[in-house]
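I set aside some time to go through this model and note down what I looked up. The entries are in the order in which I made them.

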Amino acid sequence: MTGIDRVGIGTDLHRLAPGRRLVLGHVAVEYELGAVGHSDGDVVLHAIIDALAGAASLPDIGEMFPDTDPTYKDADSAVLLTRTLRTVETHGYEVVNVDVTIHAERPKLGPHKAAIRDEVARLMALPTPRVSIKAKTNEGLDAVGRGEAIACTAIAGLKHRC
Ligand code: MG
């Protein structure tokens with residue numbers, strides 16, 4: 001097993017509203033509500049970006065890609081992830097694994113987890129076994145539990161490039 005030199009954690013939350021797309025890990029999920037955000041509101045990729053940033057001691061996602069910058073209006077978060085990965089590599093690291101938990105009361109994400117995992121692995125150029133996508137409800141509690149928001153927690157492991 002490959003060793004890990006650094007770990008980082010990232011979280012994200014977006015409000016849900018009608019008239020927006022719900023994009024999770026770059027996968028469009030059919031649902032009556034979508035994530036409100038300056039970019040595409042992809043909580044999965046945003047949490048992964050912050051986990052990578054944390055592991056490599058980079059500025060956080062808000063600092064790297066400010067929502068005051070019109071460049072990032074409706075931005076495809078896959079582009080932001082790719083840029084972050086490039087920066088991580090520039091700093092001498094490669095990604096060992098990412099582990100993700102999506103917190104959502106609705107829609108039910110069980111049928112989408114495999115597609116999200118495959119897509120995150122593809123975007124990160126990682127073998128699928130190095131990517132984990134989990135999903136859970138919030139037991140009806142708080143904004144996530146009331147279905148008003150969707151949230152994500154991610155952790156990333158990095159190792160020094162040889
Ligand atoms: Mg976000």
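**Basis.** I am working from a predicted model, in which local features need pLDDT of at least 70 and side-chain atom pairs count only at pLDDT 80 or more, while totals for chains, interfaces and linings use all residues. I number residues from 1 along each chain as its sequence is written, and side-chain values use heavy atoms, with hydrogens and water left out.

Aspartate 12 sits in strand β1 (residues 6-18) and histidine 46 in helix α1 (residues 43-55), so I noted a pair that links distant parts of the chain, 34 residues apart. I take helices (H or I, at least four residues) and strands (E, at least two) as DSSP runs, numbered from the N terminus.

I then checked accessibility, where buried means under 20% relative accessible area, exposed over 50% and partly exposed in between (1.4 Å probe, protein chains only). Aspartate 12 is buried at 19%, and histidine 46 is buried at 7%.

**Salt bridges.** I counted a salt bridge where a side-chain nitrogen of Lys or Arg lies within 4 Å of a carboxyl oxygen of Asp or Glu. The structure holds 6 of these. In one of them, lysine 159 pairs with glutamate 94, with 3.9 Å between the closest N and O atoms. Lysine 159 belongs to strand β7 (residues 149-160) and glutamate 94 to strand β5 (residues 93-103), so this pair ties together parts 65 residues apart in sequence. I have lysine 159 as buried at 18% and glutamate 94 as partly exposed at 29%.

Glutamate 148 and arginine 146 also form a salt bridge, at 3.1 Å from N to O. Glutamate 148 is partly exposed at 41%, and arginine 146 is partly exposed at 48%. I also noted that Arg20, Lys73 and Asp74 are joined into one network by salt bridges that share partners.

**Aromatic rings.** How many aromatic pairs does a search of the whole structure find? I found 1. Phenylalanine 65 and tyrosine 72 form this pair, edge-to-face, at 5.4 Å centre to centre and 75 degrees between the planes. Rings of Phe, Tyr and Trp (its six-membered ring) pair if their centres lie within 6.5 Å; planes under 30 degrees apart count as stacked, over 60 as edge-to-face and the rest as tilted. Phenylalanine 65 is buried at 10%, and tyrosine 72 is buried at 12%.
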